[in-house]
Amino acid sequence: MTLRQRAYAAPVLTASADAERVERLLGCPFDPAGGMSLVAALQADETETEPAAGYRAAWAAGLHEYLVPVAEGGRLASFESLLGVLRAMSRRDLAVAVGLGSTFLAATPVWIWGTPEQRQRVAELVLDRRWGTAGISEDAAGSDLLATATRATATADGWTLSGRKWLVGNGARSGFATVLAAAEPSFGLFLLDFDRVGTDGVRRLPKVRTLGLRGHDLSGFELDGYRIPSSARLGRPGRGVEMVSGMLQFTRTLVGGMSLGAADTALRIALRHARERRLYGGTALDLPPVRSLLARGFADLLAAECTQLTAARGLDVARQRMPLWSAVAKYLVPALCQDTVTAAGEVLSARAYLREGVAGGAFQKIARDAAITPVFEGTQLVQLETVHAQLASGARRPGTAPELPAQLLFAFGDPVGPWRPADPRPSLSYGGTDEVVGRLAEAVALLAAEDRELGRLAAQLLVVRETDRALLPPRRTPEAYEWARRHCLLHAAACCLHTWTRRRAALGPLGSDPAWLSVALRRLLERLGRPTAPDHAAEHRLVRLLTELDDDDRAFSLLPVRLAAQYRAGS
Ligand SMILES: Cc1cc2nc3c(=O)[nH]c(=O)nc-3n(C[C@H](O)[C@H](O)[C@H](O)COP(=O)(O)OP(=O)(O)OC[C@H]3O[C@@H](n4cnc5c(N)ncnc54)[C@H](O)[C@@H]3O)c2cc1C
């Protein structure tokens, strides 16, 4: 039975409803006449100009409304929903997704720490389609926030700000910005309302030329005695760096949504090419190694998705775990999706290198655009350092936080209460309890009871966990980063197992087929230095499922998400 025949079994999950709505409104990315088409995105990329058609389609579909919490008049009801919307956007044009994502980065601290007046004002600006800039980075202060040189000096009725924010999104066009600046008693975070206060003392910097995201406004601004009122400070005095760490738990979690969207389109282009490309009297897809590339790329995407869903749902129902889970997801999801894009490129072969031809030459743009996802919002090494620091604090005070119920954590797609940004506010430590890796043994036992071979495979993860538990390499040693990397892989494997054991029944035909789990686990074990024999039968089956998803206009996802009706040249 094909997926199409079994489609009745695939429900629309609550959290996917927004994604399906956006898919319908944006139309198929492969349709040159669509609102946010790959072709239009490529044209803007070639000329290094703003993707104006993409923005128009985004505004018309109300994508900016998803950046504003429901309580402030927008559509942001849950992070799982926002993740689905972001994936839909990123299947089409990462330059558009990053432009809106930068606005969300700027607005997030306002949603969390802003006064009612500040929240109302920023909601008004975002709903009015104004861009926002998160002004954290400076030329000499990238990962090292304490090197921030922009300074806020107190005056009788507010502050004056001086300094240079550079390599920041929407820097040349923003209507508002949230800026990290040195102040007394320590760093502060300030809301700059350019539209209302004016731009005397602000000099916009030119757009920086980049490898990918060439339509995105990556630039900056210089502040020279820029005066802001006392009502412009966000949160409590001296808490700027803590607030940035807290807001990044939200935004770095969502970067994975961009990677997943880009990987979906990259894999789709490769699959379609392999089905049509004639070689040796058959198709490229008939060649077993090509099938393996596609199956493994797809399995990497699904492992990334399980990790990402856990993190996005964590923002909704387990915010106290996010100091750890957000760093794990930011490290791993973009990295796994990059492997998917690489596999897709290998299938496309020379066509991956062309700026014309297959899908109009869209693949090379996706590869260039997606290459930055592991870097911005904190590099991979920065995430690994965070993971190490969190686990070290957890080792000092293990299990101090009560466990959260598994049926709540892994109920992907089920409704959650409306998002309350400040309840609870982000914490600095995850509390020493980790339901994902902590419940690995339980998940392995459940799996072994139903599938002995897969259970044996998964049991290797327990060996890795116990071996690594005995170690805690000192901070900033090469061993510490490697140890943290292994934890991220274990976490991803545990997310796959929890998805399988606890949620597959609700996910539809792909989710309940063991082929994806078999290939995904093998891929993760290989990265953990425990290679296993490939499961060719599962790979073969996974490619068939992938093909059926494409034919049935479905996202490459464990979630049964219906896409806009797919445009196929000549159809
Ligand atoms: C497209 C794009 C959009 C961006 N948007 C924004 C934005 O909207 N707002 C904003 O404020 N910034 C933005 N940035 C800046 C971005 O967040 C920074 O570039 C990024 O955080 C890394 O800083 P850096 O490049 O200065 O690297 P550096 O900090 O100079 O790092 C150099 C090297 O040191 C390593 N390193 C750093 N710290 C550690 C550590 N603790 N342990 C081990 N290794 C470490 C890094 O991994 C890297 O290999 C954007 C950048 C790009 C390219």
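**Before selecting anything**

The model is predicted, so local features are given at pLDDT of at least 70 and side-chain atom pairs at pLDDT 80 or more, while totals for chains, interfaces and linings use all residues. Residues are numbered from 1 along each chain as its sequence is written, and side-chain values use heavy atoms, with hydrogens and water left out.

**Stop 1: the ligand**

The shell has 21 residues, and the closest are Ser137, Ser143, Thr379, Glu385 and Tyr481. By class, twelve of the shell residues are nonpolar, six are polar and three are charged. In this scheme Ala, Val, Leu, Ile, Met, Phe, Trp, Tyr, Cys and Pro are nonpolar, Asp, Glu, Lys and Arg are charged, and the others, Gly among them, are polar.

Which ligand atom lies 2.7 Å from a polar side-chain atom of Tyr481? It is a nitrogen atom of the ligand. Next, select Ile136, where a backbone N or O atom lies 3.1 Å from an oxygen atom of the ligand. At Gly169, a backbone N or O atom lies 3.0 Å from a ligand oxygen atom. The protein covers 69% of the 980 Å² of accessible area that the ligand has on its own (Shrake-Rupley method, 1.4 Å probe). The elements giving two or more residues to the shell are β3 (158-169) and α13 (380-396). Helices (H or I, at least four residues) and strands (E, at least two) are DSSP runs, numbered from the N terminus.

**Stop 2**

- Residues 134-224 are annotated "Acyl-CoA oxidase/dehydrogenase middle"; here the chain is 4% helix and 45% strand, and the end C-alpha atoms are 18 Å apart.
- Residues 238-391 are annotated "Acyl-CoA dehydrogenase/oxidase C-terminal"; this span is 75% helix and 3% strand, with its end C-alpha atoms 26 Å apart.

**Stop 3: helix α5**

Select residues 79-90, which form helix α5. Its twelve residues reach 16 Å from first C-alpha to last, close to the 16 Å expected (1.5 Å times one less than the number of residues). How many of the twelve residues of α5 are buried? Twelve are, where buried means under 20% relative accessible area with a 1.4 Å probe and protein chains only. Among them are Phe79, Arg87 and Ser90. Within α5, select Gly84, whose relative accessible area is 15%. Gly84 lies 24 Å from Glu50, C-alpha to C-alpha, and the two are 34 residues apart in sequence.

**Stop 4: Lys365**

Move to helix α12 (residues 362-370), which contains Lys365. Why does Lys365 count as buried? Lys365 is classed as buried because its relative accessible area is 6%.

**Stop 5: helix α20**

Finally, select residues 536-551, helix α20, whose 16 residues reach 23 Å, close to the 22 Å expected. Its buried residues include Ala538, Glu539, Leu542 and Asp550. Just after α20, Asp553 takes a positive phi of about 55°.

Definitions and conventions. Near = heavy atom within 4 Å. Polar contact = N/O pair within 3.5 Å; in protein donor to acceptor, adjacent residues only side chain to side chain. Buried < 20%, exposed > 50% of the residue type's maximum accessible area, 1.4 Å probe, protein only. UniProt positions renumbered as here; feature names shortened; annotations may be inferred.
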